[in-house]
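Try each task before you read its solution.

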Amino acid sequence: MAIAFHDETFRDDYTYRNSDEAVRRFPFPFGQDEYMYSVNIEPHAGGKPGSVYEHTFDIDEHYVSECRDRAITLERDPGRCESLPHMIDAEWDVLELIMTSLARDYPDHFRLRQDGSHWHWTNLPLGIEQSFVFGDAATLPYPPFEYITRQTQGDFVILDQRDGDLWADSGMITQQADWSLAFDVGMSFKEWHGPVPRAHEIGVFDRALKYLLMLQLGKPVRRLNWTMTINPRLDTAPETYPEWGQDRASVTPENVGKKVHLRVEMQTLFRLPRSNGVLFSIRAYLASVGDLARYPRWGKRLHRVLRDLPEDLAEYKGLVRYKPMVLEYLSRMDDGALVEIGTHPE
Amino acid sequence: MSAAAPSIKSQPVYRPLEWDTAGASHLLFVAADDRPLLDRLLAAPPHGELAVVVADPIAAERLGKTTAAAQMVLRHDLSDGLKSLESIVQKAHMGLRLYLVGPEDAIWQAAGIAARYGMLSPEIRLFQTGTKARPVFCVHCRAMTRGVRTNLVDCSGCGRTLFVRDHFSRRLGAYMGFQIDAEEPGVKPPVEVAYP
Amino acid sequence: MNAEIALVLSRIVELAPGIREFWLTREDGGELPAYSGGSHIVLSLPLPGGIRRNPYSLVGDPNDHQKWRIAVRRQEQSRGGSAWLHESAREGQSIKVSMPANLFPMARLARHHILVAGGIGVTPIVSHARELARLGESFEVHYAHRAPEFGVLTNELRQLAGSDLYCYVASRNETIDFRELLNGRPLGTHAYLCGPQGMVEDFHKTARDMGWPDTHVHSERFLAPPPGEAFTVRLARSARELVVKSDQSMLEALEAAGTEPPFLCRGGACGQCETEVVACDSTIQHNDLFLSQAERDSGRKIMPCVSRLSGGCITINL
């Protein structure tokens, strides 16, 4: 089925909007009234038709505009894509995984012809035709990892596995929740997650690392993570903090429903065949609090989760300044009735 | 991002420095004259060849008179010391252990050189001594500001007032700095000496 | 559950007395995934007494999407797996195979690589040599075997390593002197060995004595599950009980009873099948290479792929 791609912006005038269907399929992350950091990993082996879990890489109505926003960010700061020299095999692994997945899952939009190492890639939504030789980086206009991730929604990190650890040695990061690739590239798993409060103490990263070191080829896994963002802005990097930091103070009781967005990351992890590395894909979904609250289950649950969120987590996620207004807004629709367990909208 | 963030796990922890008896040869790099430490180490040198590179004027003066290592290179500043270190590491063989003693700026620059020649963390021991001043990487303009002793510092590249966060990159050998008043321009905590 | 695919034993080649090479291809002629140098696959061999799952290193070209190759030596103390491959396996036969996993990967930050093969341990060394040659890395290969006719993959290695291939033939009294091999190597050199247990132990010991850190010395060995006394396993969660026969591993007994514990190597190396011990009225014989001494001493963990009990009963959290 062909997707109707929006023409919209994620900066300046912020014309980003979710269709009713996009709100309905939003990966709402809270199955219960209380949130706590956990490993919460499950197999990434498909999902209900139409859901964000259906395909290996989810492409939605925001695809074209998201790729355009990434290009703007890279134009201003090419350092948002980094790859250390020993990662070249992993770069080709990622290109192969994404091209074969998109061509299989979205034949109306993407096509791949493979004749030995001679490949031809067609990306209809972005109007790209490219013949190249797999394994020969000189036949592509960008290095292989940058080439393909410029054409895919979501951020990507490639982890190199060595000495019993995973090292963040490549990344395409233009829509991150406030962490800097330029600073973090080359870090070990636990260094990279250093700023996350609480999780280290309860052993989350020890368990996650042990698990990921054994991740098997052909058996990807996924988990959800979340934060909040003011305006439907993708580029909330530390690099541009001076540009968006003041937005947090722009929330008022009148605009809170439209301005404050829940930002959910579907994180997927894949073992890569040639490099033995791990691809970490971070696919972000944005929905305004007002849009989410159109489903009473979600409005009530979001209210309760935010209300009871430990202060250090609120601080880490950058919510402290405007959280009271979000709570005030959501409390009006929370009658206190029991909301049954589960993330479904209705 | 917040000035009140809890302690961050990427920040290095330095354990008391001892010789690594598993090493076949040893290279000690000294960028601060920590007298008790150096006297203790040099009084009981390890088995195998020992080379010492000094990259500090006071230590160079003192150790030049008192120490008899097989190979002793005395330099009076960090940049010359790092060059000497590199020329030794370049020709060194497997079995070498590297010991880096000094302020974080010096020892992590030295560790970066060792990494370029394929040394991994089990071959390198670091010990912070001397000034606690920090090298700070500006996340906005990527300039490095060295010798930072205060919680806030003006970036040497873009001039923004940066808060010095405890998040540390071993590859850059630096702490992260980000603009302190990005959310409320002009609102800054008082400047304090945090890293004497 | 571990992903398995059905492949065809499309070709069997006698390489030397007691050494056979097998080609595995897809039934529909389609493509196989690429893999990384040093990877292994697990074959589910249809032995008369039931399925026997054995790991074998992939040999050859990791970018060959048409076939996977393994080379198997008939083990004198075979528990049935290598004997079956040498006596009963036929071309055209279908066989279930796991996806490749890698417990012996290349160190991509190395400045120079020394690859050492002992006997049939040459198999992962060939795939490493091919990757290093493709990447234009600096490397050398040292290949020790019993007699000239057992140097089964010498030609292939010669093509990849050229004059940097060194062969050591025991029947000509040629042996590798590890001390000489590892002496005076530049920083950032990594050494890899796949071979018999004694050779692996010597190699590690020599490297350590010469001050090499463990991060720069890589070896691969899979242990065959040793036989022992029969013993009883109680499954705490499903309240069932089963007996591990003397020639069976605990993992095999669990699988035969219909449970599907996860595994990767089945040789005590990877840690994937680590299982929690709830109670035990006998002594655990820890035969794995994975658990730390502290974990062994705690009596709380067992690797059922190679470890067993000297009789008695063990209750596990399954």
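## Exercise 1: the interface of chain B and chain A

The side chains of Glu82(A) and Arg142(B) form a salt bridge, with N to O at 3.7 Å. Keep in mind that this is a predicted model.

**Task.** Starting from this pair, describe the contact between chain B and chain A: how many salt bridges are there, and which elements of chain B give two or more residues to its side?

**Solution.** 

1. Check the pair against the cut-off: a salt bridge needs the nitrogen within 4 Å of the carboxyl oxygen, and the pair Glu82(A) and Arg142(B) is at 3.7 Å.
2. Count the salt bridges between chain B and chain A: there are six.
3. Turn to polar contacts: twelve residue pairs make them across this interface, both residues being at pLDDT 80 or more.
4. Find the elements on the chain B side: β9 (161-169) and β10 (174-179) of chain B each give two or more residues. The largest share, five residues, is from β10(B).
5. Sort the chain B side by residue type: 14 are nonpolar, six polar and eight charged.
6. Finish with the extent: 28 residues of chain B meet 30 residues of chain A. The buried area is about 2,500 Å², and carbon and sulfur atoms give 57% of that area.

## Exercise 2: an arginine in a strand

**Task.** Locate Arg97(B) in strand β4 of chain B. Is Arg97(B) buried or exposed, and what does its side chain make a polar contact with?

**Solution.** 

1. Apply the cut-off: buried means under 20% relative accessible area. Arg97(B) has 3% relative accessibility, so it counts as buried.
2. Look for polar partners: the side chain of Asp20(B) is in polar contact at 2.9 Å. A polar atom of the Arg97(B) side chain also lies 3.5 Å from the backbone oxygen of Gly95(B).
3. List the surroundings: Arg97(B) touches residues of chain B including Ala22(B), Leu27(B) and Pro122(B), as well as Gly211(C), Trp212(C) and Pro213(C).

## Exercise 3: a helix of chain A

**Task.** Why can helix α11(A) be called largely enclosed?

**Solution.** 

1. Get the dimensions: α11 (residues 296-307) of chain A has twelve residues and spans 16 Å from first to last C-alpha, close to the 16 Å expected.
2. Count the buried residues: ten of the twelve are buried, so α11(A) is largely enclosed by the rest of the structure. Among them are Trp298(A), Lys300(A) and Leu306(A).
3. Name the neighbours: the buried residues of α11(A) pack against α1, β8, β9, α10 and α13 of chain A.

Definitions and conventions. Residues are numbered from 1 along each chain as its sequence is written. Chains are lettered from A and ligands numbered from 1 in the order in which they are written. This is a predicted model: local features need pLDDT of at least 70, side-chain atom pairs count only at pLDDT 80 or more; totals for chains, interfaces and linings use all residues. Side-chain values use heavy atoms; hydrogens and water are left out. Contact means heavy atoms within 4.5 Å. Buried area is the accessible area (1.4 Å probe) that two parts lose on being put together, summed over both. A polar contact is a pair of N or O atoms within 3.5 Å; within protein, one must be able to donate a hydrogen and the other to accept it, and residues adjacent in sequence count only if both atoms are side-chain atoms. Helices (H or I, at least four residues) and strands (E, at least two) are DSSP runs, numbered from the N terminus. Ala, Val, Leu, Ile, Met, Phe, Trp, Tyr, Cys and Pro count as nonpolar, Asp, Glu, Lys and Arg as charged, and the others, Gly among them, as polar. Buried means under 20% relative accessible area, exposed over 50%, partly exposed in between (1.4 Å probe, protein chains only). The expected span of a helix is 1.5 Å times one less than its number of residues. Lists of a residue's contacts leave out its neighbours within four places in sequence.
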